[in-house]
Amino acid sequence: MFILAPSILSADFTRLGAEVTDVIASGADWIHFDVMDNHYVPNLTVGPMVCAAIRPLTSATIDVHLMVKPVDRIIPDFAKAGANMITFHPEASEHVDRSLSLIREHGCQAGLVFNPATPLEFMDYVMDKLDMVLLMGVNPGCGGQALIPATLDKLRAVRAKIDAYSQRTGRRIRLQIDGGVKVDNIAEIARAGADTFVAGSAVYGAARSTDAHRYDTVIAALRAQLSVLGFAK
Ligand code: DX5
Ligand code: ZN
């Protein structure tokens, strides 16, 4: 039920392939792939070429988080590069419904990302086109920031919307949190309604050379926090 999605933003890029395979061998579920364009956000990261390069290394879901503007032109490129999930920020698309459809037409699952101050209304008329809602716990652009506390109330609000929708339709939508997730707050975040957790610095900053796959201890610690809730994966 819970998905752990380490963000390779905080990985060691000189050995990116090993960072991907190690974190999955350590028990993580998805690879979170942060795409920044130095336009929508003030940072520049990686694109479809790097996604295609890591694709053969794992069968895990590659969860592409687009922090780019515009979004439509790059969506087919990421689908071809092997992305499974593609999420984008509604402010970055002129036509949110069209961008969501485009992602699905290219065979990927689709999601919307909400910045701390972005109102949730963007999701109301496109629920049928959403496989995931991603709430930012920080302002997007870099890793290692502290969770903005108001995110917890916002999570509860999204959880209520998703649960009402699921009851009505029988269709499930994941609720992901990205930014500021740590071992010491993941349980509180889960209690507020998240079921899918991005963690960058908390995972990649906790490598242990004594662990079989470098991240076994931190992934187990994150899972242990979730298991106290009684319904961990
Ligand atoms: C922020 C990115 C996040 C980032 C999270 O703009 O979207 O995915 O890697 O980093 P941490 O987990 O360090 O807050
Ligand atoms: Zn992200």
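Which residue forms a salt bridge with Arg214? In this predicted model, the partner is Glu19, and the closest N and O atoms of the two residues are 4.0 Å apart. The pair joins distant parts of the chain, since 195 residues separate the two positions. Glu19 belongs to helix α1, residues 16-25, whereas Arg214 lies in the loop between α7 (201-204) and α8 (216-227). Side chains of opposite charge can pair when their charged atoms come close. The model has 14 salt bridges in total, counted with a limit of 4 Å between a side-chain nitrogen of Lys or Arg and a carboxyl oxygen of Asp or Glu.

Attention now turns to the ligand. The space that ligand 1 takes up is the largest cavity. Three elements each contribute two or more residues to the shell around ligand 1: β2 (30-36), β3 (61-67) and β8 (196-199). Of these, β2 gives the most, with three residues.

The shell consists of 20 residues, of which Asp34, Gly144, Asp178, Gly200 and Ser201 come nearest to ligand 1. Sorted by class, the shell holds ten polar, eight nonpolar and two charged residues.

An N or O atom in the side chain of Ser201 is 2.5 Å from an oxygen atom of ligand 1. Asp178 also contributes through its side chain, with a polar atom 2.7 Å from a ligand oxygen.

Notes:
Residues are numbered from 1 along each chain as its sequence is written. Chains are lettered from A and ligands numbered from 1 in the order in which they are written. This is a predicted model: local features need pLDDT of at least 70, side-chain atom pairs count only at pLDDT 80 or more; totals for chains, interfaces and linings use all residues. Side-chain values use heavy atoms; hydrogens and water are left out. A residue is near a molecule or strand if one of its heavy atoms lies within 4 Å of it. A polar contact is a pair of N or O atoms within 3.5 Å; within protein, one must be able to donate a hydrogen and the other to accept it, and residues adjacent in sequence count only if both atoms are side-chain atoms. On a 1 Å grid over the protein atoms alone, a cavity is a set of points where a 1.4 Å probe fits but cannot get out, and a pocket is an open set with protein on both sides within 12 Å along at least five of seven lines; lining residues have an atom within 4 Å of a point. A molecule sits in a cavity or pocket if more than half of its atoms lie within 2 Å of its grid points. Helices (H or I, at least four residues) and strands (E, at least two) are DSSP runs, numbered from the N terminus. Ala, Val, Leu, Ile, Met, Phe, Trp, Tyr, Cys and Pro count as nonpolar, Asp, Glu, Lys and Arg as charged, and the others, Gly among them, as polar.
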